Amino acid sequence: MTQEEIISKINEFLVEEFEVDSEKIVPTANLRETLNLDSLDYVDLVVIIESNFGFKVVAEDFIGIHTFQNFYDYVNRKVGEKVNA
Amino acid sequence: MNNRVVITGLGIWSCLGKNLEEVKNSLYTGKSGIGIDKGRESWGYRSLLTGIVEAPQLKGVIDRRARVGLSEEAEYAYMATAEAMKEAKMDLDWMEKNEVGILYGNDSSAKAVSEAIDTIREKKDTTLLGSGSIFQSMNCTVTMNLSTIFKLRGINFTVSAACASGSHAIGLGYLMIKWGLQKHIICGGAQEVNPFAFGSFDGLGAFSVRHNEPTKASRPFDKDRDGLIPSGGAATVILESYESAIERGAPIIAEVVGYGFSSNGQHISNSSVEGQIRSLEMALSDAKLTAAQIDYINAHATSTPGGDFAEAQAIDNVFAQSKPLVSSTKSMTGHECWMAGASEIVYSTLMMQNNFIAPNINFENPDEASAKLNIAARTCEKNIDLYLSNSFGFGGTNSSLIIKKITNKQ
């Protein structure tokens, strides 16, 4: 899966799951504020990532994720680790 | 303090329709909501009969955070409550500024619980249940979710009393308002309709197996009944003090005037004529009425041989002189279990508002006990000033409610 495909897939499920306008999803935007995430929503984000990319997220991983770009980079790295494992 | 307690809003989502108007028409025409769920065969069900209840589509109606915690029965309850609030002229702005409570009957959330456990077993990771699972799985799923969605600030809990849950929820709401503890309470009952919910009940052999005639399978009081049919949905009855209703200019639909209850203290699943009689007499006593004043009885009768036989004896014992018209709307709906006590208040109040008694369909031949009752086998055009609704449940819990016709001038 290329980086573009990963980004496209992420944007697709965020729009569907969190019912946000796709135009608001830009790399520099703040993930939590744009999607209006509360602590419960992060649990659902873990479920969606697992079902779409097949890896398990631990809560601590979200600490360094602020923007959508941070999120894309994180998923991209984890998918790469999974492929290379 | 003895406040008068009135009904200012009704809402319904059932196999008879998705709103009050549809349900009223089904009741009047004696339309059955029963069908076949072939999928139950692969689950090892003895009976494939069920109430056919449509799933509400809530995407775009309420936001995601509100939706993910809703179990199947809580979705039904949302729809019924939204309809009732509209009728009662209660909107969210008003709810936030006033103390509105919720007492709702529910006694399972089997689908949500089962699916969560399946996920844990498969994935070995509880996080993967998602955030909504716990709010769907608890017995109080309806009150927990609706109190959040509708900004409720009053009493807030679920009543679990088997097939009398919905009736006791209304009874308790009535007492709280009567005693001045609350002014407005959303009462009701909800019931999930899926194979997860009814397997253990089916296993008791309590369900009808008249598969060749689904709409004739539920036949309360009929000599040839062979069991009940599981069903569900949700029904909401908004209770309010008379003074509050007048002050708000809310529509006053009817008045709750009596609540009787009892516990059999006997067998866990068999009915007790004596226990039911105590519930009936307590309701009449609470309402300060005589048996002869009751125009109509909406019976609990579920179409089981033993249960209907006992109830017919109890009704005859108390109402032998006046013989009011009796019907069981479960002949059309099947047994709506935790919801039934509330839905049958909605059904009967619709009859009261529209001057008819819905038929006990499929009543063709009486048995020894039901022959002593005045059963409405067909729709009757009749003014109802007072009706009584029975609900009985496993564990021997009994509840009887008496509702009175009222106009804004009374």
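This is a predicted model: local features need pLDDT of at least 70, side-chain atom pairs count only at pLDDT 80 or more; totals for chains, interfaces and linings use all residues.
Colleague: How many bridges join strand E4 of chain B to E5(B)?
Modeller: Four bridges join E4 (residues 100-105) to E5(B), and the two run parallel. Strands here are DSSP runs of E, at least two residues, and helices are runs of H or I, at least four, numbered from the N terminus. Two strands pair if DSSP finds at least two bridges between them.

Colleague: Which residue is the bridge partner of B:Ile102 in E5(B)?
Modeller: B:Asn156.

Colleague: Which helix packs on the sheet?
Modeller: Helix H3 (residues 72-87) of chain B touches E1 (5-14), E4, E6 (184-191) and E7 (233-241) of chain B. Contact means C-beta atoms, placed from the backbone, within 7 Å.

Colleague: New topic. Where is B:Lys288?
Modeller: B:Lys288 lies in the loop between helix H12 (273-287) and strand E9 (296-298) of chain B. Its phi is near 55°, a positive value in a residue other than glycine.

Colleague: Is B:Lys288 buried or exposed?
Modeller: Exposed, with 9 other C-beta atoms within 10 Å. The cut-offs, with C-beta atoms placed from the backbone: buried at 20 or more others within 10 Å, exposed at 12 or fewer, partly exposed in between.

Colleague: And what about phi of B:Asn355?
Modeller: Positive, about 60°, although B:Asn355 is not a glycine.

Definitions and conventions: Residues are numbered from 1 along each chain as its sequence is written. Chains are lettered from A and ligands numbered from 1 in the order in which they are written. Two residues are in contact if their C-beta atoms, placed from the backbone, lie within 7 Å. Axes are lines fitted to C-alpha atoms, for helices over the stretch in contact, and angles run from 0 to 180 degrees between N-to-C directions.
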